[in-house]
Amino acid sequence: MLPPKDGNLITILSIDGGGIRGIIPATILEFLESKLQKLDGEKARIADYFDVIAGTSTGGLITSMLTAPDADNRPIMAAEDIVPFYTKNGPKIFPQKWGGSIENTLVSLGAPKYNGKYLHQLIRDNLGQTRLHQTLTNVVIPTFDIKRLQPVIFSSYELNSMPYLDAQLSDISIGTSAAPTLLPAYYFTNGTDSSGNPWEFNLIDGGVAANNPALVAIREVTKQASRNDPNFSAIQPLSKERLLVISLGTGRAKQEEKYSAEMAAKWGMFGWFIHGNSSPR
């Protein structure tokens with residue numbers, strides 16, 4: 001791909017969080033890639049057309065799968081592989097538990113709803129030991145560190161100044177996907193701090209920081225333009241007319257009309273907690 005200075009536009013793809021509903025942007029990307037292949041040949045891939053791809057939570061996982069290189073330095077997955085990835089593995093990532101909604105809510109009070117073991121192994125098997133600096137285009141993946149109580153943005157643009165961010169894509173993907181109450185928080189170390197100690201990450205779902213990462217990606221691009229990066233030499237940091245952004249959402253969870261005011265009038269604090277947490281997600 002040519003650097004931004006050699007084109008008329010800076011192209012940004014952003015993929016929202018949304019769990020299994022990642023099937024929605026994956027379907028759109030499959031359609032887009034098929035159209036690009038008609039123009040440029042069957043080997044064309046999404047990563048060939050965007051200067052930066054950003055994703056949060058399930059969008060971060062899709063970002064990693066679209067940009068991680070295989071042995072031939074091409075994406076390990078085509079866009080058409082993403083939907084089958086979800087449909088095949090979704091039931092194992094989010095296994096349905098027997099029992100009523102109240103029973104399941106009580107069980108979840110003591111632990112995340114899912115242990116994440118299958119998802120973690122699946123991500124490691126697919127992404128291997130690929131690190132952030134090896135992606136086929138720039139990526140931006142938000143997470144949230146619960147120990148530091150602040151967002152951690154894994155950005156290709158920040159690796160020179162913050163080399164500890166050059167973590168394995170598998171660790172980044174597991175971290176950004178760790179939705180509170182559903183999947184366990186994720187701990188790993190990478191690089192060192194100023195004292196030479198391992199840099200610790202205590203991560204949960206990037207949606208806590210930015211469920212729609214489009215603005216985060218735009219910020220990273222404009223920061224890079226302001227740093228006198230030669231790849232952005234012809235671009236002013238606030239030249240919004242030079243930005244082409246495609247932002248893909250994951251729809252909305254279905255909300256069932258299951259309660260009435262008459263029913264809720266009888267609830268105390270415990271009733272509100274139980275029924276509120278048993279709502280569809």
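My entries follow, and I keep in mind throughout that this is a predicted model.

**Entry 1, the cores.** I began with the largest nonpolar core, which has 44 residues, and found L13, L29, I46, I82, F154 and F201 to be those with the most contacts inside it. Helix α3, residues 82-93, gives the most to this core, with five residues. I also noted a second, separate core of 12 residues, which includes V52, I153, A210 and A217.

I then asked myself which residues F201 is in contact with, leaving aside its neighbours within four places in sequence. Among them I found V152, F154, Y164, Y186 and F188. F201 counts as buried because its relative accessibility is 0%, and Y164, with a relative accessible area of 17%, is buried too.

I counted seven aromatic pairs. In one of them, the rings of Y164 and F201 have centres 6.4 Å apart and planes at 35 degrees, so I wrote the pair down as tilted. Y164 lies in the loop between β4 and α6 while F201 lies in strand β6, so the pair ties together parts that are 37 residues apart in sequence. I finally recorded that F154, Y164, Y186, F188, W199 and F201 form one aromatic cluster.

I located T137 in the loop between α5 and β3, where its side chain reaches the backbone oxygen of F50 at 2.6 Å. Is T137 buried or exposed? It counts as buried, because its relative accessibility is 8% and the cut-off for buried is under 20%.

Note on methods: Residues numbered from 1 in each chain as written. Predicted model: local features only at pLDDT ≥ 70, side-chain atom pairs only at ≥ 80, totals over all residues. Heavy atoms only, no water. Core = buried A, V, L, I, M, F, W, Y, C linked by side-chain atoms within 4.5 Å. Buried < 20%, exposed > 50% of the residue type's maximum accessible area, 1.4 Å probe, protein only. Helix = DSSP H or I, 4+ residues; strand = E, 2+ residues; numbered from the N terminus. Contact = heavy atoms within 4.5 Å. Polar contact = N/O pair within 3.5 Å; in protein donor to acceptor, adjacent residues only side chain to side chain. Phe/Tyr/Trp six-rings, centres within 6.5 Å; stacked < 30°, edge-to-face > 60°.
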